[in-house]
Amino acid sequence: MTLACCASISTAQAETAWQKLTYSDPRHPSAFSPIVTPLWRRELADKPFYQIHAARFEAAGTTYLVSVAFAGGICAMGANDRNAVAEPAICPARFDVLRDGAVVHTVRGRACSVAPLPEDAMANPTDTTEVRFDAASITVNFRSRLSGKWVRTCQRRMRVR
């Protein structure tokens, strides 16, 4: 009984709190832009407009970058006309492992992209995609909120191993 107790405590301590992905686009660069934009160069090469949402985690001397790229032609998007119900876009995601500033491993997947443009006054301010990093299992969990509600199909997990 004690062993199970202690194991769950250490696992819980290894997980970070949920963290909102940082928004960036060519007009609104973020501190992550110089790091993550080159990682997406191939996918975004011919895209006049794109967004990259990113987070960074550190554990045991290793840097982990989590990013989601949003652009037309690379995301699966629902109806987006003015009469449509809001739907998340399912976009390419990366989970990069960096050592000494170089990418040593990448896992690719798909995750929801929910992030209103900064100047969109009509957007729901709670719409977001968040991530939580678990250093013990080297896993990142995704979740997204759209129109004030958590979207079940946006609960995703990516694991390095």
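**Entry 1: the elements.** I take helices (H or I, at least four residues) and strands (E, at least two) as DSSP runs, numbered from the N terminus. With that in hand, I find 3 helices and 10 strands in the protein chain. Reading from the N terminus on, I note the order α-β-β-α-α-β-β-β-β-β-β-β-β.

**Entry 2: ground rules.** I am working with a predicted model, where local features need pLDDT of at least 70, side-chain atom pairs count only at pLDDT 80 or more, and totals for chains, interfaces and linings use all residues. I number residues from 1 along each chain as its sequence is written, and my side-chain values use heavy atoms, with hydrogens and water left out.

**Entry 3: confidence.** I looked up pLDDT, the predictor's confidence in each residue, from 0 to 100. The protein chain averages 86, and 86% of the residues score at least 70. Over residues 1-12 the pLDDT is below 50, and beyond near neighbours in sequence this stretch has 1 contact (heavy atoms within 4.5 Å) in the model.

**Entry 4: burial and contacts.** I call a residue buried under 20% relative accessible area, exposed over 50%, and partly exposed in between (1.4 Å probe, protein chains only). By that count, buried residues make up 43% of the 161 residues in the protein chain. For accessible areas I use the Shrake-Rupley method with a 1.4 Å probe; for residues, only the protein chains shown count as cover. The protein chain exposes about 9,100 Å², and carbon and sulfur atoms supply 55% of it. Of the contacts with a separation of 6 or more, 53% come from residues 24 or more positions apart.

**Entry 5: salt bridges.** How many salt bridges does a search of the whole structure find? I get 7, taking each as a side-chain nitrogen of Lys or Arg within 4 Å of a carboxyl oxygen of Asp or Glu. As a reminder to myself, side chains of opposite charge can pair when their charged atoms come close.

One of them joins Arg132 and Glu15, at 3.6 Å from N to O. Arg132 sits in strand S7 (residues 128-134) and Glu15 in the loop between helix H1 (2-14) and strand S1 (19-20), so this pair ties together parts 117 residues apart in sequence. Arg132 is partly exposed at 22% relative accessibility, and Glu15 is partly exposed at 28%.

Next I followed Arg42, Glu43 and Arg108, which are linked in a network of salt bridges. Glu43 pairs with Arg42, the closest N and O atoms being 3.6 Å apart, and with Arg108 at 2.8 Å. Because Arg108 lies in strand S6 (residues 102-113) and Glu43 in helix H3 (residues 41-44), their pair ties together parts 65 residues apart in sequence. Glu43 is buried at 16%, Arg42 is exposed at 66%, and Arg108 is partly exposed at 45%.

Entry 6: Two strands pair if DSSP finds at least two bridges between them; here 11 bridges join strand S5 (residues 89-99) to S6, and the two run antiparallel. Asp96 stands opposite Thr106 in S6. The two strands form a hairpin with 2 residues between them, and Asp100 in the turn has a positive phi of about 55 degrees.

**Entry 7: Ser33.** Is Ser33 buried or exposed? I find Ser33 buried, at 12% relative accessibility, within helix H2 (residues 33-36). A polar atom of the Ser33 side chain lies 2.9 Å from the backbone nitrogen of Ser30. Not counting residues up to four places away in sequence, Ser33 touches Ser24 and Pro38.

Definitions and conventions
Polar contact = N/O pair within 3.5 Å; in protein donor to acceptor, adjacent residues only side chain to side chain.
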